Amino acid sequence: MSSLTPEDNKLVVLARATRARTGAAEGAALRDLDGRTYAAATVDLPSLQVSAVGVAVSMAVASGARGAEAVVVLTGGEVAGEDLDAVRDFAGSGVPVHRGTPSGLVEDTRLT
């Protein structure tokens, strides 16, 4: 892991475990303003495709969360612009989105 806060490191652990358990392309985790966490994996079905970040944001919205403190996505590529837009739409500007490798090494952070 990296020099993230202990709370953000927990998100890395959750995202890594969810990705490994499901065998998905991506794992993500989101912490809302109340400290609740949502761990998600990519959904890739013939009739439905949703990124891991999209699933995590959807779970938070459906749970009545009012915003997000931080998001982690573990992926083999870059964070999609649509994922950053979804976090921004849900939680506003300035939310850190940490991107890491599938093994959990955080490589960079972008703000919404």
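Trainee: How many salt bridges does a search of the whole structure find?

Mentor: Nine salt bridges turn up, and keep in mind that this is a predicted model. To read one, look at the pair of side chains, then at the distance between N and O, and then at how accessible each partner is. Take Asp32 and Arg36: they form a salt bridge in which the closest N and O atoms are 2.8 Å apart.

Trainee: Which side chains does Arg99 meet in salt bridges?

Mentor: One is Glu107, at 2.9 Å from N to O. Another is Asp108, at 2.6 Å. Arg99 has a relative accessibility of 7%, so this residue counts as buried. Glu107 is partly exposed, with a relative accessible area of 46%, and Asp108 is partly exposed as well, with 27%.

Trainee: Which residues do salt bridges that share partners join into one network?

Mentor: Look back at the Asp32 region for that. Asp32, Asp34, Arg36 and Arg66 are joined into one network.

Trainee: Let me turn to Glu107. Where is Glu107 placed, and what does Glu107 touch?

Mentor: Glu107 lies in strand β7. Leaving aside residues up to four places away in sequence, Glu107 touches Arg99, Gly100 and Thr101.

Trainee: Now the helices. Which residues of α3 are buried?

Mentor: Helix α3 covers residues 81-91, and its buried residues are Asp83, Leu84, Val87 and Phe90.

Trainee: Which exposed residues does the face turned away from the buried side of α3 carry?

Mentor: That face carries Glu82 and Asp89.

Trainee: What covers the buried residues of α3?

Mentor: The cover includes the helix α2 (52-62) along with β1 (27-32), β5 (68-74), β6 (96-100) and β7 (106-111). After α3 comes Gly92, with a positive phi near 90 degrees.

Trainee: How many residues does helix α1 have, and what should they span?

Mentor: Helix α1 runs over residues 6-22, which makes 17 residues. At 1.5 Å a residue they should span 24 Å, and the end C-alpha atoms are 25 Å apart, so the two values agree.

Trainee: Which residues of α1 are buried, and what do they pack against?

Mentor: The buried residues are Asp8, Asn9, Leu11, Val12, Ala15 and Thr18. They pack against β1, β2 (37-41), β5, β6 and β7.

Trainee: Which residue follows α1, and what is its phi?

Mentor: Gly23 follows α1, and its phi is positive, near 70 degrees.

How values were computed: Residues numbered from 1 in each chain as written. Predicted model: local features only at pLDDT ≥ 70, side-chain atom pairs only at ≥ 80, totals over all residues. Heavy atoms only, no water. Salt bridge = Lys/Arg side-chain N within 4 Å of Asp/Glu carboxyl O. Buried < 20%, exposed > 50% of the residue type's maximum accessible area, 1.4 Å probe, protein only. Helix = DSSP H or I, 4+ residues; strand = E, 2+ residues; numbered from the N terminus. Contact = heavy atoms within 4.5 Å. Expected span 1.5 Å × (residues − 1).
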